[in-house]
Amino acid sequence: MNNTQVEPQRGPGQNSASPKPGPAIIVAGVGFLALFIAWGFLYNLFKQQWGSNDVAIALATAFFWLLVFAVVAVVAWWSKTIFAAWQTRDLLLVAIVGAAFGPLFTAWSAVYTGAGVFLGPWNDLIGGFWWIPVILIPYIVRKPGAALVAEIIAATIETMLGGQYGIIGGAVGGLVQGMGAEVIFMLTAWRRYDWLTLSLAGVASAVTGFVYYIPIYYAGYSVDLLLITLVAYIIGVLIFAVVGGRLLGDALLSTGVLNRFAIGRERRQAEATTDF
């Protein structure tokens with residue numbers, strides 16, 4: 001008698017190690033949202049407390065957002081999701097691509113500043129370039145934490161290379177942007193990477209980044225100007241990160257270099273069902 005059990009084949013976009021959404025994931029999302037709402041008040045409090053001491057403000061800001069990250073990470077660990085399905089090659093790819101985008105981020109600052117002469121308040125239409133790792137890396141490796149880790153690495157290296165936005169605008173900003181996208185991927189249990197999911201992740205990342213930067217850069221803006229900036233953020237992220245990131249991922253996939261990653265395995269599964 002043969003007792004061998006055959007594991008049922010999974011459909012495209014379904015990672016065998018991906019967890020199902022549960023109460024812990026909902027708690028993480030709600031906790032993240034609550035702390036995010038408190039951010040504007042806390043930043044103003046930091047400014048009142050330390051005035052022009054940028055180092056103290058930067059340290060307090062970094063501590064707060066690391067605390068937010070810790071809350072989400074602990075809850076994710078509690079639900080046995082974070083990094084459970086990662087392999088060494090996934091980590092290496094995230095590190096290499098994230099590091100490659102660091103210098104590109106630094107160089108893009110000059111492009112962004114120059115474009116401001118022509119685009120005016122719509123300048124953030126081209127700011128979406130800074131969001132590419134948030135979409136590109138999760139689209140390739142399809143693992144918990146990919147958006148967060150990739151953007152943190154890229155933004156931190158940008159800061160280390162002397163990026164004009166410093167720790168608060170660069171490194172910590174990257175942390176917040178990555179968290180916005182990660183919440184969307186988390187709500188799908190890291191199973192879906194279609195156009196809709198990537199677009200929602202991009203919008204969420206743009207919104208969290210915008211809200212984070214309001215007390216830092218936009219405190220004196222009128223409501224109309226804030227709305228223009230928000231719309232520019234969203235459009236820019238959709239164009240550069242979502243469309244650009246996915247097309248770049250597909251282009252790399254066509255060369256065969258990504259065959260050993262989740263995107264390659266799921267492409268092979270999808271070819272049998274013509275659903276990719």
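Phenylalanine 101 and phenylalanine 105 both lie in helix α3, 4 residues apart, or about one turn of the helix. In this predicted model, local features require pLDDT of at least 70 and side-chain atom pairs count only at pLDDT 80 or more, whereas totals for chains, interfaces and linings use all residues. Residues are numbered from 1 along each chain as its sequence is written, and side-chain values use heavy atoms, with hydrogens and water left out. Helices (H or I, at least four residues) and strands (E, at least two) are DSSP runs, numbered from the N terminus.

Both phenylalanine 101 and phenylalanine 105 are buried; buried means under 20% relative accessible area, exposed over 50%, and partly exposed in between, with a 1.4 Å probe and protein chains only. The ring centres of phenylalanine 101 and phenylalanine 105 are 5.9 Å apart and their planes meet at 55°, so the pair is tilted. Rings of Phe, Tyr and Trp (its six-membered ring) pair if their centres lie within 6.5 Å; planes under 30 degrees apart count as stacked, over 60 as edge-to-face and the rest as tilted. Tryptophan 108 and phenylalanine 129 form a stacked pair, at 4.3 Å centre to centre and 20° between the planes. This pair links distant parts of the chain, since tryptophan 108 belongs to helix α3 and phenylalanine 129 to the loop between α3 and α4, 21 residues apart. Tryptophan 108 is buried because its relative accessible area is 17%, and phenylalanine 129 is buried because its value is 13%. The whole structure contains 18 aromatic pairs. Ring pairs also join a cluster whose members include Tyr112, Trp130, Trp131 and Tyr233.

The loop between α3 (88-119) and α4 also holds asparagine 123. Asparagine 123 has 9% relative accessibility and therefore counts as buried. Leaving aside neighbours within four places in sequence, asparagine 123 is in contact (heavy atoms within 4.5 Å) with Tyr112, Ala115 and Gly116.

The protein chain comprises 9 helices and 0 strands. Of its 276 residues, 48% count as buried. The largest nonpolar core has 58 residues, and those with the most contacts inside it are Phe101, Ile140 and Phe185. Elements giving two or more residues to this core include α1 (23-50), α2 (54-78) and α5 (146-160). A nonpolar core is a set of buried Ala, Val, Leu, Ile, Met, Phe, Trp, Tyr and Cys residues joined through side-chain atoms within 4.5 Å. Isoleucine 140 is in contact with Leu93, Leu258, Phe261, Ala262 and Ile263, leaving aside neighbours within four places in sequence.

Helix α8 (residues 223-255) has 33 residues and reaches 47 Å from its first C-alpha to its last, close to the expected 48 Å, where the expected span is 1.5 Å times one less than the number of residues. At leucine 238, α8 bends by about 30°, the bend being the angle between axes fitted to the seven residues ending there and the seven starting there. Buried residues of α8 include Thr229, Tyr233, Gly236 and Arg246, and the cover over the buried residues of this helix includes α4 (132-141), α7 (195-217) and α9 (262-271). Just after α8, glycine 256 takes a positive phi of about 95°.

Isoleucine 167 is found in helix α6 (residues 166-187). With a relative accessible area of 46%, isoleucine 167 is partly exposed. Its C-alpha atom is separated by 8.6 Å from that of leucine 59, 108 residues apart along the chain.
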